[in-house]
Amino acid sequence: MSANILIVGCGAIGGLFAAALSSVAKVTALDANDEHVKAIRSRGLRITGRNPRVVKIEATSDPSTLKDQRFDAIIFLIKSKMTAAALSQLQPVLSGNPLLATLQNGMGNAEVLLSASDAIVVRGVTMNAGRYVEAGCVEGLIEGKTWLGPVRGNVTDVRPLADLLNKGGMETDVVADPMGAVWSKFVFNCVMNPLGAVMMGDNAARYDAPEMRALIDEMAAECTAVVQALGGTFAFSPMDYVDKVRSGEIPRSRHAGSMALDIERGAPTEIDELTGFIVREGERLKIPVPNCKAVYRLVKGLELASQRRVTKAR
């Protein structure tokens, strides 16, 4: 019997995970975008990019339609601030005790999932990147590695999901403690995501302007200091990808991060769960983070301005 997987949030990254798993498991997507769901149900989920394909998966925008289903794993790939509400809506399917996994950006997601008593909780990060193109279509932009590890449970509990991802073509490592990888990707996101938004989605500007290069390095140093003060360690250099792009070892993509896309469409960003976390913890620990604070404030203003722009255009 094949595994039954629920993807909560079938946008850019959720779509890539759903497509990868669809070849080795039964996949259902829960997404709040009605048009996206309708397109997936009628035409399939279309993936463009280096590995174009169309996959058939189940999709719904109504959590109540899932109440009679039993899932082996539920993977959360929605915005961090939506996690608690989504988990509450999924209470009927939690009775089957599915594994709960978060690969979301920011801090606090695993803690929300731990509120589901007795559930195995898995935390991880992925270096894959994509973008939502239109209803029913997601573009794969960067193919990268994924790390998964137990928050509640053990390594053995994590392996079945990791094996499915590997069989589906998404390289995944199981680690005993996921936090090293989480902290590494977290620092990268705290720096590059908001700066992609500030640069209005122009990825080249993050690399070509000397002032931006300096700002990236200074923000990374501030984030690293806060994480280390919290007792965090790094599984890999947080800015390794940036260093490789700068040196020409890997090509520069046109992807400027999900926050830039959020600003473009007037959607809420994850700035509070990313750079905002560094600002709050820096103040609490009395560690100066002036660059992070300034960028955090700029993105909060951008977020409000973009929402007002989209509202006026309607």
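## A four-stranded sheet

Let's start with an open sheet of 4 strands, which follow the order β4-β3-β10-β9 with mixed pairing. The edges belong to β4 (53–55) and β9 (129–134); each has a single partner strand, so one side of each is left without a neighbour in the sheet. On average, neighbouring strands here are turned by 25 degrees against each other, direction ignored. The structure is a predicted model, in which local features need pLDDT of at least 70 and side-chain atom pairs count only at pLDDT 80 or more, while totals for chains, interfaces and linings use all residues. Residues are numbered from 1 along each chain as its sequence is written, and side-chain values use heavy atoms, with hydrogens and water left out.

Helices (H or I, at least four residues) and strands (E, at least two) are DSSP runs, numbered from the N terminus. Two strands pair if DSSP finds at least two bridges between them. In general, strands of a sheet pair through backbone hydrogen bonds, either parallel or antiparallel.

## How the strands pair

Strand β3 (residues 45–48) is joined to β4 by 3 bridges, and the two run antiparallel. Within this pair, Leu 45 stands opposite Val 55 of β4. The two strands form a hairpin with 4 residues between them, and Gly 49 in the turn has a positive phi of about 115 degrees. Another 3 bridges link β3 to β10, and these two strands run parallel. Here Ile 47 stands opposite Val 138 in β10, and Arg 46 has Cys 137 of β10 as its bridge partner.

Moving on to β9, we find 5 bridges to β10, with the two strands antiparallel. Ala 129 stands opposite Ile 142 in β10. β9 and β10 also form a hairpin, with 2 residues between the strands, where Gly 136 takes a positive phi near 85 degrees.

## Covered and uncovered parts

Which residues of β3 lie on its covered face, and which on its uncovered one? Leu 45 and Ile 47 make up the covered face, while Arg 46 and Thr 48 make up the uncovered one. Strand β10 (residues 137–142) is mostly covered, with 5 of its 6 residues buried. The word buried stands for under 20% relative accessible area, exposed for over 50%, and partly exposed for anything in between (1.4 Å probe, protein chains only).

Is His 36 buried or exposed? With a relative accessible area of 1%, His 36 is buried. Leaving aside residues up to four places away in sequence, His 36 touches Cys 10, Asp 31, Leu 45, Tyr 132, Glu 134, Ala 135, Gly 136 and Cys 137. Such contact means heavy atoms within 4.5 Å.

## Two helices that cross

Two packed helices are described by the angle between their axes and the distance between the axes. For helix α9 (residues 210–229) and helix α12 (residues 275–285), the axes come within 10 Å and cross at roughly 60 degrees. That makes α9 oblique to α12. Axes are lines fitted to C-alpha atoms, for helices over the stretch in contact, and angles run from 0 to 180 degrees between N-to-C directions. Angles under 35 degrees count as roughly parallel, over 145 as roughly antiparallel, 65 to 115 as roughly perpendicular and the rest as oblique.

The crossing of α9 past α12 is left-handed, a label used if the near helix is turned anticlockwise from the far one by less than a right angle, with right-handed for clockwise. On the α9 side, Met 219, Cys 223, Val 226 and Ala 229 meet Thr 275, Ile 278, Glu 281, Gly 282 and Leu 285 of α12. Sorted by class, this contact has 6 nonpolar, 2 polar and 1 charged residues. Ala, Val, Leu, Ile, Met, Phe, Trp, Tyr, Cys and Pro count as nonpolar, Asp, Glu, Lys and Arg as charged, and the others, Gly among them, as polar.

Helix α9 is also the place of Glu 218, which counts as partly exposed at 40% relative accessibility. Glu 218 and Cys 292 are 74 residues apart in sequence and 8.7 Å apart in space, C-alpha to C-alpha.

## Two loop residues with positive phi

Asn 97 sits in the loop between α4 (91–94) and β7 (99–102). Its phi is near 55 degrees, a positive value in a residue other than glycine. Asn 97 counts as partly exposed, at 44% relative accessibility.

Met 200 lies in the loop between α7 (179–198) and α8 (203–208). For Met 200, phi is near 55 degrees, again positive in a residue other than glycine. Met 200 is exposed, with a relative accessible area of 77%.
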